[in-house]
Amino acid sequence: MRTLPYPGTWRVAFTHPADGKKFDISASVPGNVAVDMMRENIIPDLYMGANALGAQEWERTDFTYTSEFIAPELAAGERLEMVFEGIDTVADITINGTAITSVENMFIPHAFDLTGNIHPGANSLT
């Protein structure tokens with residue numbers, strides 16, 4: 001079984017919970033969406049004063065991370081696996097628009113066989 005290297009470039013998309021404004025920004029992965037949002041001046045510095053209290057409106061927001069990865073051509077019988085050492089508490093994983101799995105525990109690694117869901121070259125991970 002082959003294991004893919006970690007995708008390097010990520011984006012995160014989300015909608016403001018109060019005004020409906022849509023965002024699509026670069027993301028640091030591994031990382032923290034709040035740090036990405038502070039970098040883009042979407043939310044104030046959460047480490048200053050009571051700013052963390054004002055950010056509570058974001059707690060039920062869905063954040064969609066996307067990246068592309070290059071899959072190799074597989075030999076007959078060869079399989080390809082993607083391993084996540086940590087994924088946020090609740091997440092749905094899709095490859096090229098096809099649902100692969102859902103996870104609900106960020107404290108354990110997750111591994112997924114991608115063999116039937118990828119093609120050689122560029123693939124999309126959401």
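Y65 counts as partly exposed because its relative accessibility is 24%, where buried means under 20% relative accessible area, exposed over 50% and partly exposed in between (1.4 Å probe, protein chains only). This is a predicted model, in which local features need pLDDT of at least 70 and side-chain atom pairs count only at pLDDT 80 or more, while totals for chains, interfaces and linings use all residues. Residues are numbered from 1 along each chain as its sequence is written, and side-chain values use heavy atoms, with hydrogens and water left out.

**Fold and confidence**

- The protein has two helices and nine strands, where helices (H or I, at least four residues) and strands (E, at least two) are DSSP runs numbered from the N terminus, and their order along the sequence is β-β-β-α-α-β-β-β-β-β-β.
- The C-alpha trace spans about 60 × 25 × 20 Å along its principal axes, and buried residues account for 31% of the 126 residues.
- Among contacts (heavy atoms within 4.5 Å) between residues at least 6 apart in sequence, 57% join residues at least 24 apart.
- Mean pLDDT, the predictor's confidence in each residue on a scale from 0 to 100, is 90 for the protein, with 97% of residues at 70 or more.
- Confidence is lowest in strand 1 (residues 2-3), with a mean of 64, and highest in strand 3 (residues 22-27), at 98; where pLDDT is low, the predicted coordinates should not be read in detail.

**Surroundings of Y65**

- Y65 belongs to strand 4 and, leaving aside neighbours within four places in sequence, is in contact with W10, R11, V12, A27, V29, V33, D36, L125 and T126.
- The C-alpha atoms of Y65 and T126 are 5.6 Å apart in space, although the two residues are 61 apart in sequence.

**Largest pocket**

- The largest pocket has a volume of about 1,100 Å³; on a 1 Å grid over the protein atoms alone, a pocket is an open set of points where a 1.4 Å probe fits, with protein on both sides within 12 Å along at least five of seven lines, and lining residues have an atom within 4 Å of a point.
- Its lining comprises 36 residues, of which F63, Y65, I87, D88 and V90 lie nearest the pocket centre.
- Two or more lining residues come from each of helix 1 (33-39), strand 4 (64-71), strand 5 (80-84) and strand 6 (91-95), and strand 6 gives the most, with four.
- The lining divides into 22 nonpolar, nine polar and five charged residues.

- I43 touches A34, M37, M38 and W58, not counting residues up to four places away in sequence.

**Backbone features**

- V29 and P30 are joined by a cis peptide bond with omega of about 0°, and P30 lies in the loop between strand 3 and helix 1.
- N41, in the loop between helix 1 and helix 2 (51-54), has a positive phi near 60° although it is a residue other than glycine, and N41 counts as exposed because its relative accessibility is 67%.
- N96, in the loop between strand 6 and strand 7 (98-103), is likewise not a glycine and has a positive phi of about 50°.

Methods
Points joined across faces, edges and corners; volume = space filled by probe spheres on them. Nonpolar A, V, L, I, M, F, W, Y, C, P; charged D, E, K, R; others polar.
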